[in-house]
Amino acid sequence: MILREWGEKQNPANKAYFVASLLWLVLLSSGCSQPAATCYQQPRADLSGALAYAADDELEFQYPLPELGLKDYPEPARFCKASRGSNRKYHAAEDYHLPAGTPVYAFADGVISFSGRMGGYGWLIIIDHPQANIYSLYGHLSPSRWKLKSGAVEKGDLIGYLGDSDENGGSAKNPLVTHLHFGIRAGQRTDYSGQGEWRWMAGWIKPCPSDVGWLKPSQVITGQEIPPGGFPEPEGSLFEKWGEELILSLFNVGGGLVALIYSLKKKKTFISIFATAMLALAGGVFSIKGTRGYYALFAMAVLGLGIVIYQYLQKRNEEQGEGEGREAQEEQGQQ
Ligand SMILES: [Zn+2]
């Protein structure tokens, strides 16, 4: 209905109105809300006595770098620190500056739910701690050194090492100061999407980190307290939490299906190959970015490949059939 009207009266005023409405919707959904007051002036983490937390087996939590209280290091990015510039973002973790090769330990008992390369983090490890309903995030680890890949861990278990400045998310051209980006969040990794401000591997985000479940790590460790039933997860509608991921997945999976059905019906080999390649590519990007739905994309890519092979064989059979038919006709003609 709207589309028909739009087609009927394509005057400039209508166009402007349409574009303005779209812009307004985009602005509305991009979250212009002001972060809560808790986002400002978070005191610097008190790291004294870090060794004591690691030494006491009775305690639930310890710092992931036990010796960090003993070292002198430059001013690290605090929890909720605001970035400079107009596109203000907030730091969802605490940074602990130590040299590359420093061992990193599990902050509590738990199960590794992710261990792998991840964009700006170099190597990233996530540990779920269901007993407290939190997960912990260790970023800028070393991809080239030993690291734990999966399984259950106990508090204080070695999980990996800090990465060099050219492999910890930095590069030879743009080195990144060697440090641990350590985050703690209410809920488990799978409670969060792989895209948008609610993404599970978030580092710097638009909303106030504590509004989307991030906790101040040093406070959790010094507090040593688990609320009854575990740390409560942040409130947020399904769309707020998963919006971007839902749209991306629906768009890609839906588009892929349409392309597959179209190429199957029309028997266009080129379109089938193109669709298959795009599906495989989207699946790869999704899996690197941690977006859900990449299994479906890979499965459809395999299906697409099957269609391409099937169509190729069918075409060859038809051509052979035609060839044989012609031969038979020619034979008949000679007789
Ligand atoms: Zn950081």
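Which residue in β5 does G116 stand opposite? I found L124 across from G116. A caveat for my notes: this is a predicted model, where local features need pLDDT of at least 70, side-chain atom pairs count only at pLDDT 80 or more, and totals for chains, interfaces and linings use all residues. Residues are numbered from 1 along each chain as its sequence is written.

**Strands.** I took helices (H or I, at least four residues) and strands (E, at least two) as DSSP runs, numbered from the N terminus. Two strands pair if DSSP finds at least two bridges between them. Strand β4 (residues 110-117) and β5 (residues 123-129) are antiparallel, with 6 bridges. Their hairpin leaves 5 residues between the strands, and G122 in the turn shows a positive phi of about 65°. I also saw β4 run antiparallel to β7 (residues 151-153), joined by 3 bridges; there, I112 has G151 as its bridge partner.

**Core.** I looked for nonpolar cores, meaning sets of buried Ala, Val, Leu, Ile, Met, Phe, Trp, Tyr and Cys residues joined through C-beta atoms within 7 Å. The largest has 50 residues, and Y63, L124, I125 and Y138 have the most contacts inside it. Among the elements that each supply at least two residues of this core are β5 and β9 (179-186).

**W200.** This residue sits in the loop between β9 and β10 (204-205). W200 counts as buried because 22 other C-beta atoms lie within 10 Å; the cut-offs, with C-beta atoms placed from the backbone, are 20 or more for buried, 12 or fewer for exposed, and partly exposed in between. From W200 to I126 I noted 9.2 Å, C-alpha to C-alpha, across 74 residues of sequence.
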